[in-house]
Every structure is written in C-alpha cells, then in structure tokens.
Number of protein chains: 2
Amino acid sequence: MTTIKDVAKLAGVSTATVSRVMNGTGYVNPSTKEKVNSAIKQLDYRPNDVARSLYKGKSKMIALFVPDIMNPFFPELARAVEDVTNQHGYTFILCNTDDDFEKEQTYLNALQQKSVDGIIIVSSTITKELVGKISTPIIALDRIIGSNISSVTVNNREGARQAVQHLKSVGCKRIAHICGPEHVSNTAKRLKGYLDEVKNEDWFLSSYIVPGEYNFETAVQATKKLLTDHTEIDGIFVWNDLMGIGALKGAEELGINVPDELSIIAFDGITVGETTTPSLSTMAQPIYDIGTQAAEMLLEQINNSGYKTKREEFTVQLIERQSTRKRG
Amino acid sequence: MTTIKDVAKLAGVSTATVSRVMNGTGYVNPSTKEKVNSAIKQLDYRPNDVARSLYKGKSKMIALFVPDIMNPFFPELARAVEDVTNQHGYTFILCNTDDDFEKEQTYLNALQQKSVDGIIIVSSTITKELVGKISTPIIALDRIIGSNISSVTVNNREGARQAVQHLKSVGCKRIAHICGPEHVSNTAKRLKGYLDEVKNEDWFLSSYIVPGEYNFETAVQATKKLLTDHTEIDGIFVWNDLMGIGALKGAEELGINVPDELSIIAFDGITVGETTTPSLSTMAQPIYDIGTQAAEMLLEQINNSGYKTKREEFTVQLIERQSTRKRG
DNA sequence: CGCATTCATGTAACCCATTACATAAATAAT
DNA sequence: ATTATTTATGTAATGGGTTACATGAATGCG
C-alpha cells in the first residue's frame with residue numbers, strides 16, 4: 001500500500017501539505033496543490049481509513065441490529081438503511097441478534113471497540129440501561145427502547161383498528177385475531193387496536209384471540225384450530241403478513257374459501273403478500289421510508305452536536321387485495 | 001474511553017506488559033498478570049480495535065456483496081455468512097451492488113481503505129481484472145468470477161436437467177422454459193440443462209424458451225403470453241422460485257389449474273415456495289450451507305498463507321410440492 | 001562456579017493520517 | 001517604511017495499540 005509519505009516524497013513536500021490537499025483544509029499554493037494531486041494520481045494513492053479513524057475517533061461506519069434478516073420484513077429495511085448509509089460515504093454493518101440479549105451485548109461491545117459511529121436497533125430484548133451506558137448515537141426502529149432514545153415507528157394501534165374496520169366494512173360479523181409473539185411490544189399494541197373495535201360487540205368472545213409465534217407453520221395450525229373451534233368466524237385480523245399467509249394456507253387446507261367464506265387481513269405490507277393466491281390484504285407499513293428516516297435521523301445525530309431526542313411515527317395504509325371482499 | 005495507558009498506570013506496569021497479558025504473548029509473571037487483569041476489570045477496559053487494526057493491517061471485518069438483499073434468495077445467504085463471521089469474532093459488512101460495476105468499484109475501494117480482511121462476492125458484472133488488482137482475499141459465490149478466484153456454486157446444468165426430468169416423470173408432454181436475466185451466468189447454465197433434455201424431442205420448439213427478468217410481475221406476464229400462444233404446454237421449468245411464483249399467478253389468472261392442467265417447477269428453494277397455494281416444486285439449493293462454506297473458505301484464505309484456489313460445487317435437490325403432480 | 005538459557009519487563013519504534021504549533025515569506029494596512 | 005495579516009509549508013505531537021530490541025534477574029547445566 002502506498003502511504004501519504006510516498007506521496008509527500010514524490011511531490012517533494014511534507015505529509016502535512018499532502019493532508020491539506022486531500023482534505024481541502026488550510027492554505028496550499030495552487031502550484032503545490034497540483035504537484036500533490038499529480039503525485040496522488042501517479043501512485044493511485046488512497047488514504048488509510050483506519051489511521052484516519054484512529055485519530056478522529058470516528059469510523060464512518062454505522063450498524064443495523066435486526067432479529068433475523070431472514071424474516072421478510074427486514075431486507076427492505078436493511079436496504080433502505082444501506083442506501084442512505086452508502087450515499088453519505090458510510091459503511092454498513094449488519095447484525096442478526098435473534099432478540100438475544102447476550103448477542104446484543106457482544107455486538108455492542110465489538111462495535112464500540114471499532115468506533116462505529118451510530119447504530120439503528122430493532123429489538124424487543126435490549127434494555128435502556130444497556131443502551132444508556134453507551135455514548136454511540138442510537139436510533140430505535142419499529143419498537144421503542146426508552147424515552148431518551150430517538151425512535152421511528154408506526155401507528156400500530158390505529159392501524160389494527162383500521163384493519164378490523166375494513167373487515168367489518170366488507171361484511172364480517174365474527175372477527176378473530178391471531179396475535180404476534182408475546183415479547184414484542186407491537187403485539188400488545190395491535191391487540192389493543194383489535195380490542196378497541198370488538199370488545200363492545202355482543203358477539204365478541206375472548207377465545208377469538210389466539211396466540212401465535214412469529215412463524216408461518218404455527219400460523220397455519222393456529223388458524224385451523226381457530227376455524228375448527230369457531231365455525232362462525234368470517235374474518236381474521238392476523239398480526240403480520242408472514243402469519244397472514246399461513247392463515248391463508250390454513251383456511252385452504254380446511255377447504256374454506258378466501259374471501260367468499262372468510263376474509264383475512266394482516267399487517268406489514270411485505271412483497272410476498274402480493275404474490276399469493278388469493279393475494280393478501282394488509283395494513284402496509286412504508287418500510288423503505290421508515291428505514292430511510294431512521295438512517296437520516298442517525299446521521300443527523302452523529303453530525304449535529306445539538307441533536308435532541310426525536311420520536312417519528314409513520315402511518316400504515318390499507319391495501320385491499322383479494323383476501324378481503326365485500327359480501328352480498 | 002479508557003486506554004491501555006490507564007490500565008498500565010493502575011497496574012504499575014508498562015503498556016507492553018498489559019498488551020502481553022491481553023494477548024497471551026511473551027512472558028508474564030503470574031502475579032503481574034493478576035494485577036493487570038484486575039486493573040482491566042476495575043476499569044472495564046476494552047482495547048481499541050482501530051489502533052490494533054492500524055498496526056496489524058487487519059480489521060477483523062469481512063464483507064458480502066449481493067445484488068440486492070431484497071431479493072429473497074439473499075437473506076438466507078447473508079444470514080449464513082454473518083453467523084460464521086460472528087462465530088469467529090469478525091464483523092459483517094453488507095453491500096448492495098445492484099450488479100452495477102461502478103458501485104462495486106466504489107465499495108471495493110472503500111473496503112480496502114478500511115483494511116477489510118476478506119470479501120464474498122455475488123456478482124455478474126464484476127470482472128477478474130478488477131478483482132485481480134486487489135490483494136484482499138475474495139470468494140465468488142453463486143457465480144464464478146475467474147479461474148484464480150475460489151468459488152462456491154451449485155450444479156446448475158444438472159439441476160435444470162433433473163427439473164425437466166421430473167416434469168417428464170409426472171407426465172408432461174410439452175415443456176417450456178422461462179429464462180432468467182441475460183447477464184447472469186446461471187441463466188445460460190440452466191437453459192443448457194433444459195435443452196439437454198428437450199432439444200431432441202420431436203415436440204420441441206424454440207419458442208418454448210421465453211426470456212424473463214428477475215422479477216415477479218414480468219414472470220406473470222411471460223407466463224400468460226406463453227400459455228396463450230401455446231395452449232399445448234403442460235409443464236414449465238422456471239428459472240427461479242420468485243419467477244415460479246409469478247408463473248403460478250399467471251396460470252391462475254388464465255384459469256389454468258396447477259397442477260391438474262399444468263405443472264410448474266422452479267429453482268432455488270427459497271422459503272416462500274412452501275407458502276403459496278399450490279406450493280411450489282423446486283430444485284432446492286442448500287442456501288445456508290453454501291453461505292457457510294463460502295464464509296469458511298474465506299476465513300481459511302485469510303488465515304492460511306498457503307491457501308490455494310478452490311472450487312466447491314454443491315448439488316441441488318428436488319423438492320416435490322403441489323405444483324407438480326402425476327397425471328392419470 | 002561460570003556461562004547459557006529462560007523468564008520478566010521496560011523503552012521506543014511503528015502503523016498512517018491529522019493537526020497544533022512554529023516559522024517564514026508575501027501582502028496589506030498605517 | 002514599519003507593523004499587522006494573510007499565505008504557505010514544515011516539524012512534531014497525537015490517536016491507542018503491538019512488538020523489536022535491550023536489559024536484568026532467575027534458573028539450568030556442565
């Protein structure tokens with residue numbers, strides 16, 4: 001590797017002058033600048049970012065924590081963050097935490113040791129205490145960590161309400177809910193939204209609420225059990241799209257036609273929802289925008305010393321597809 | 001941040017001794033070691049990896065290039081690479097290249113400047129010339145870059161042959177192929193496999209081969225056109241699962257029943273294929289294993305100076321699902 | 001006992017870029 | 001003409017580790 005010394009020698013100046021030319025700082029005589037630039041070109045010199053990082057204490061890298069990139073909600077988020085990151089000359093680090101507190105701790109240490117400039121975190125397990133100990137800028141994404149940590153989320157409760165309202169509007173009379181994983185805060189919020197809409201209906205039974213894992217197969221089983229136990233159900237609001245597709249499958253395996261006999265709506269708006277038959281109605285999150293926003297907030301927090309905690313909430317949007325249809 | 005100097009001072013030794021204790025190198029008196037360790041614990045000292053990287057010229061980071069993490073083939077690959085990476089104390093960098101040569105160049109420069117230890121590349125656009133200029137260890141994944149660059153791939157041609165054989169075995173008499181994107185080398189390989197099986201059939205027409213983009217929607221359209229132009233077709237081998245799901249949708253929109261009237265098989269074995277109705281038969285790649293293998297080869301290349309170029313080929317496996325079925 | 005190892009630890013160079021500080025020349029202001 | 005500024009460039013400290021080399025004590029061996 002060629003170093004700044006090689007350039008300095010070839011150009012016949014000191015390394016300080018080369019550095020000044022590289023960074024456009026301080027005074028440099030135009031003719032000197034030219035000599036230096038030509039030396040840089042001639043040697044194809046590129047500065048060592050590690051040395052730069054060491055001096056500056058900043059690495060031009062940012063990280064994203066997701067539970068698991070294989071969960072189809074996260075690739076689009078990751079893509080958005082990486083795009084912004086990349087546009088601003090930062091390098092993008094991806095960490096799969098499995099919502100495991102120890103893994104999160106280990107990652108956090110490793111990243112601090114590498115002088116990573118900021119971290120975007122999607123986590124249900126991480127604590128404000130752990131994050132509070134750290135001086136690295138952090139943004140909470142999809143889920144809130146603590147009151148003094150900026151966050152980007154969506155209106156889960158209101159979105160859930162709208163989903164149930166939509167089921168009602170297409171004529172559903174008995175609406176069930178398949179919940180998400182217990183430890184995820186959004187699970188409770190979407191459940192609340194569902195309850196807002198159904199708890200005062202005379203038909204409502206608490207057994208219309210069934211627990212689910214974050215998982216296709218268990219959603220299939222949960223749906224089959226629900227529809228077998230309660231043949232009167234004609235609408236299901238499912239916690240997320242992945243599980244919604246499971247519900248579609250479950251109904252199909254029971255020979256129940258969607259949407260003629262049963263309407264299904266889910267939450268998230270991931271791409272696969274478009275591809276199934278029937279395609280899946282959903283409360284779509286603006287996933288890419290959410291990721292972009294989080295990344296931009298993080299960069300702002302990194303670069304503006306006067307940054308103050310922010311809380312950004314996006315709204316979800318009903319996308320009506322084939323799995324919900326007005327009944328005569 | 002506490003530094004090695006703080007530890008040295010507290011323990012009453014030199015920084016060299018602290019370093020020796022940290023790294024287990026050289027001679028250290030047991031009692032000294034204890035003093036140092038207790039100082040480290042007391043100060044909660046963690047070494048600055050940037051300083052370490054600068055001296056060593058290594059960063060303990062590896063990167064993965066994928067065209068686009070939103071393409072459902074790549075999250076599982078990324079997960080596998082990150083898992084191995086993480087197990088060995090490396091940090092994982094993700095780069096979305098969009099198969100854009102300029103982006104690839106920019107990433108490559110940035111990563112070199114950061115002393116990244118190795119790179120795993122999935123790319124159809126990158127050239128051996130570009131990669132050859134670089135001393136950083138590189139593994140080509142899914143697609144081959146050049147003869148002196150190690151690679152991990154699958155038996156695309158043979159897999160394609162088996163896919164067509166399977167369609168024949170369930171009774172298909174007229175088998176078409178929807179191709180992948182032109183610039184991807186696997187497109188040609190899978191096409192060859194298809195041709196191996198059909199070019200000598202008396203029913204074979206070159207118009208049974210239709211081009212496709214890497215994309216759900218165009219696959220839907222391509223399928224509809226194909227099945228409209230050639231009503232005799234009763235089997236389609238589709239380049240990959242994403243497009244296979246599009247084919248499913250296309251047939252459905254024409255009112256053609258899969259698998260009663262038409263069998264469809266695709267390639268890759270991504271998870272969504274299980275969730276559709278009918279579920280999609282496919283030639284499954286061992287995606288996670290491929291990623292693991294690539295990551296392990298990369299680490300080997302990083303750590304063993306005597307490493308020599310390797311070429312690893314995995315075999316794909318037929319997974320029979322509902323989209324292909326024996327006809328009476 | 002005397003020389004050769006092994007053990008133990010410290011000093012200082014090194015990795016490479018950035019910048020505070022010093023110095024000197026050129027230009028501006030009085 | 002003389003002092004104050006601006007311009008231009010170099011020297012050396014800095015960031016935080018690692019390690020080559022030096023030195024001295026302790027142990028081994030003939």
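This is a predicted model: local features need pLDDT of at least 70, side-chain atom pairs count only at pLDDT 80 or more; totals for chains, interfaces and linings use all residues.
**Entry 1: the surface near DNA strand D**

I sorted the residues of the surface near DNA strand D by class and got 13 nonpolar, ten polar and four charged. My classes are these: Ala, Val, Leu, Ile, Met, Phe, Trp, Tyr, Cys and Pro are nonpolar, Asp, Glu, Lys and Arg are charged, and the others, Gly among them, are polar. Residues are numbered from 1 along each chain as its sequence is written, chains are lettered from A and ligands numbered from 1 in the order in which they are written, and side-chain values use heavy atoms, with hydrogens and water left out.

DNA strand D is surrounded by 27 residues, and the closest are A:Arg20, A:Tyr27, A:Thr32, B:Ile4 and B:Arg52. A residue is near a strand when one of its heavy atoms lies within 4 Å of it. Of the atoms of DNA strand D that come within 4 Å of the protein, 61% belong to sugar and phosphate.

I then picked out polar contacts (pairs of N or O atoms within 3.5 Å; within protein, one must be able to donate a hydrogen and the other to accept it, and residues adjacent in sequence count only if both atoms are side-chain atoms). The side chain of A:Thr32 has an N or O atom 2.4 Å from a phosphate oxygen of DNA strand D.

Helices (H or I, at least four residues) and strands (E, at least two) are DSSP runs, numbered from the N terminus.

**Entry 2: DNA strand C**

I repeated the search for the other strand. DNA strand C has 26 residues around it, the closest being A:Ile4, A:Arg52, B:Arg20, B:Tyr27 and B:Thr32. Sugar or phosphate makes up 64% of its atoms within 4 Å of the protein, and bases make up the rest.

A polar side-chain atom of A:Ser19 is 2.9 Å from a phosphate oxygen of DNA strand C. For the side chain of A:Tyr45, the distance from an N or O atom to a phosphate oxygen is 2.8 Å, and for that of B:Tyr27 it is 2.2 Å. Helix 2 of chain A gives the most, with five residues.

How many cavities of 30 Å³ or more does a search of the whole structure find? I got four. On a 1 Å grid over the protein atoms alone, a cavity is a set of points where a 1.4 Å probe fits but cannot get out, a pocket is an open set with protein on both sides within 12 Å along at least five of seven lines, and lining residues have an atom within 4 Å of a point. The largest cavity holds about 130 Å³ of space. Its lining includes A:Asp49, A:Lys114, B:Asp49 and B:Lys114, and by class has four nonpolar, four polar and four charged residues. Helix 4 of chain A and helix 4 of chain B each supply at least two of the lining residues.

I also checked the second largest pocket, with a volume of about 1,000 Å³. Of its 43 lining residues, B:Met70, B:Asn71, B:Pro72, B:Leu242 and B:Ile270 are the closest to its centre. A volume here is the space filled by probe spheres set on the grid points, which are joined across faces, edges and corners.

Most residues other than glycine have a negative phi, and most peptide bonds are trans. I noted a cis peptide bond from A:Val258 to A:Pro259, with omega near 10°. A:Pro259 sits in the loop between helix 11 (241–253) and strand 9 (263–268) of chain A. B:Asp98 has a positive phi, near 55°.
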